[in-house]
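Please view the sequence and the model together while reading the points below.

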Amino acid sequence: MVEQEGGGSGGISEEEAAQYDRQIRLWGLEAQRRLRASRVLLVGMKGLGAEVAKNLILAGVKGLTMLDHQQVSQQDTRAQFLIPVGSLGRNRAEASLERAQNLNPMVDVKADPENIENKAEDFFTQFDAVCLTCCSRCVMVKVDQICHRNGIKFFTGDIFGYYGYMFANLGAHEFVEEKTKVTKASQGVEDGPDTKKAKLDSTETTMVKKRVVFCQLKEALAVDWSSEKAKAALKRTAPDYFLLQVLLKFRADKGRDPLPESYAEDAELLLQMRNEVLDSLGVGAGLLPDDFVRPSPSGIHPTTTSSSSMASKGTGSLSAWVPTEPGASALACSFSSPPGAPGASLQCLASCSVVPLEPACTTFPSSHHRHGPHACCGAQPCAGAVGWGYSNPSVFSWALE
């Protein structure tokens, strides 16, 4: 790690000034110095954790500790770019260390293979910011409370298929906002259109100091929706908030997230939990329609994003997908290897039934036949199908045209 206190401009060494030149021009030297002095704890090294780690390391924090007690799974090898080939079964944080460090040698990157649930409060006090992914609700609430007591910035977030969320508790945050200065009309000037126009078109600005106090995660998740104030806010609250509550309960009860291979069981359980969670919150189940458990291209993870407007490269077992809904748009695809190669199959995303492709089948379902049988194989989508997908975990790849 290169560190030269007092070197270069404002304590930044020449090497750092060259490395971070573009971002220094963007947010200034003082902001870069604060980044350079920050130590961050990142928990959970799945796909989202890898992306967060990459961004923090390239930004130039002082140190990053990646904490994860889980082992590398087959899914991780396809979704986590910091894990090299041949790391199956290794600890996720340790497997990510080499590539993470190579992103920026000036950042002190460490791997911690322990379980966050076993960490004492004083462990967190060595960090300026803590970011959690892949954690249960009780762990997130506990760590947020620790960070709040010790003045540590707290972030948490996760991804479930096409649905994602993030939460930030930055404590008390003071900032300055530039606002247009409204000038009063001069005395003796009659009120009229010209006077009003002068008030609105004023080019003078003034700096207004503001202070915001962030709420804790426990408070954000335990809103009493029966109060009059909450009922008024309910109209402006996205269903994503309630979907998060359901997903966190699923993770707490099952010890995992919904899985494509157990779609039927998990979908039924999610609907049951939806009713329980929304009833306990004092809101109707109609706030979260049944279709939130529809399969997504990358698995069955719930999504509040409409699946009718996208064709996507998926992770996990699905390698390509196209919607079957009427009026949906689809992108053409070409395959670098034919989908009829050994191991390839055509999958209906409603029943998860798999139909083997003919060896000569090299076309992706287009807008002409995605609502009916597949052109090459004659396979029929089942009732309520949301799309066709080509499934092959290792043989072929594809690209959007």
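Over which residues does pLDDT stay under 50 with 19 contacts beyond four places in sequence? Residues 1–9 form that stretch; pLDDT is the predictor's confidence in each residue, from 0 to 100, and contact means heavy atoms within 4.5 Å. This is a predicted model, in which local features need pLDDT of at least 70, side-chain atom pairs count only at pLDDT 80 or more, and totals for chains, interfaces and linings use all residues. Residues are numbered from 1 along each chain as its sequence is written, and side-chain values use heavy atoms, with hydrogens and water left out.

**Confidence**
- Residues 381–401 also have pLDDT below 50, with 101 contacts in the model beyond near neighbours in sequence.
- Where pLDDT is low, the predicted coordinates should not be read in detail.
- For the protein chain, the mean pLDDT is 75, and 65% of residues reach 70 or more.

**Arg149**
- Helix H8 (residues 137–150) contains Arg149; helices are DSSP runs of H or I with at least four residues, numbered from the N terminus.
- Arg149 counts as exposed because its relative accessibility is 53% (exposed means over 50% relative accessible area, with a 1.4 Å probe and protein chains only).

How values were computed. Helix = DSSP H or I, 4+ residues; strand = E, 2+ residues; numbered from the N terminus. Buried < 20%, exposed > 50% of the residue type's maximum accessible area, 1.4 Å probe, protein only.
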